[in-house]
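Grab a pencil and work through these exercises one at a time. Try each task yourself before you read the solution.

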Amino acid sequence: MMVTSNIKRSISTEPVSKPIHLLQKLAPPQAIIHIGAGTGNGEMHQWRQWDIPHALIIDADQERLNWAKPLLTENPDWRVLSAVLADTEGEIDYYQASNPEEDSLISPQCMNRLWPNLHTITKDLRPTRRLDHLLAEDHCAALERADPTWVFIDCFPALPILKGAGTYIDRWSVLWLRVLLQSNPEIDEDATLERTEALLQPRGFRCIDVTESNHPAVGYALLVRDWRAVLQPQIGTLTQANATLTEEKLALTAQQDTLEQEITALTQA
């Protein structure tokens with residue numbers, strides 16, 4: 001469990017987020033949930049060098065996960081799943097883009113302001129899963145018991161995935177998310193850092209680092225749970241409850257004294 005306080009965000013143009021290395025040394029994760037793992041390349045895949053005992057690797061495209069399947073022999077508590085994650089279960093349009101790294105629930109045409117040559121290869125209707133329903137299945141039981149758990153989301157938009165995680169968010173220690181750093185009217189606001197922070201801050205997460213990608217409008221946000229901020233309201237509630245119990249105890253003691261006096265008087269009479 002990680003405790004942080006007075007956290008400040010930094011913005012970096014370095015290709016690798018240095019704070020992630022520091023966090024990994026201070027509180028090594030026992031479980032990684034990597035969503036949008038793709039073909040196994042990218043900055044977020046550095047966790048594979050950390051000797052992680054439990055991992056859940058997810059991507060919308062089954063074929064892109066072929067790299068991960070041989071790793072299951074060496075890591076029996078790793079799981080590989082193909083699923084489209086959202087905040088509801090049903091069906092949704094999924095877009096395959098001319099750049100496979102931009103396959104997502106967002107139309108490539110909406111991303112043209114960022115990448116003018118990006119276009120749609122295919123669009124098809126796919127079933128969606130909520131992450132909390134997926135994590136509640138038996139094959140994820142060992143993962144659920146691991147602590148601390150870190151979650152990486154390397155796809156757009158991250159917000160519906162986080163909403164679909166339900167109360168599991170409250171068990172996680174670190175989030176590393178691909179986000180839009182600048183709001184764009186043509187792109188789903190659920191992909192922005194601002195909208196994502198609005199969900200996570202009340203649940204105790206603080207953004208401590210933002211790293212720009214190969215486009216200044218797109219980056220990676222590192223968020224850490226501030227356990228002190230999470231526990232403070234609970235401490236206040238417990239303190240108030242304790243004060244109330246103390247008052248009730250004093251009132252009962254006074255009633256007992258009164259009853260004993262009445263019994264004494266009746267005995268004398």
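**Exercise 1.** Is His-34 buried or exposed?

*Solution.* Before we start, a word on the model: it is predicted, so local features need pLDDT of at least 70 and side-chain atom pairs count only at pLDDT 80 or more, while totals for chains, interfaces and linings use all residues. Residues are numbered from 1 along each chain as its sequence is written, and side-chain values use heavy atoms, with hydrogens and water left out.

Step 1: recall the cut-offs. Buried means under 20% relative accessible area, exposed means over 50%, and partly exposed is in between (1.4 Å probe, protein chains only).
Step 2: look up the value. His-34 has 0% relative accessibility, so it counts as buried.
Step 3: His-34 sits in strand β2, residues 31–35. Helices (H or I, at least four residues) and strands (E, at least two) are DSSP runs, numbered from the N terminus.

**Exercise 2.** Which residues does His-34 touch, not counting residues up to four places away in sequence?

*Solution.* Step 1: a contact means heavy atoms within 4.5 Å.
Step 1: list the partners of His-34, which are Met-44, His-45, Trp-47, Leu-56, Ile-57, Ile-58, Phe-152 and Asp-154.

**Exercise 3.** How far apart are the closest N and O atoms of Glu-186 and Arg-113?

*Solution.* Step 1: the distance is 3.3 Å, and the two form a salt bridge.
Step 1: Glu-186 lies in the loop between β9 and α6 (193–200) and Arg-113 in the loop between β6 and β7, so this pair joins parts 73 residues apart in sequence.
Step 2: compare with the cut-offs. Glu-186, at 37%, is partly exposed, whereas Arg-113, at 51%, is exposed.

**Exercise 4.** How many disulfides does the count come to?

*Solution.* Step 1: a disulfide is a pair of cysteine sulfur atoms within 2.5 Å.
Step 1: by this rule the count is 0 disulfides.

Note on methods: Salt bridge = Lys/Arg side-chain N within 4 Å of Asp/Glu carboxyl O.
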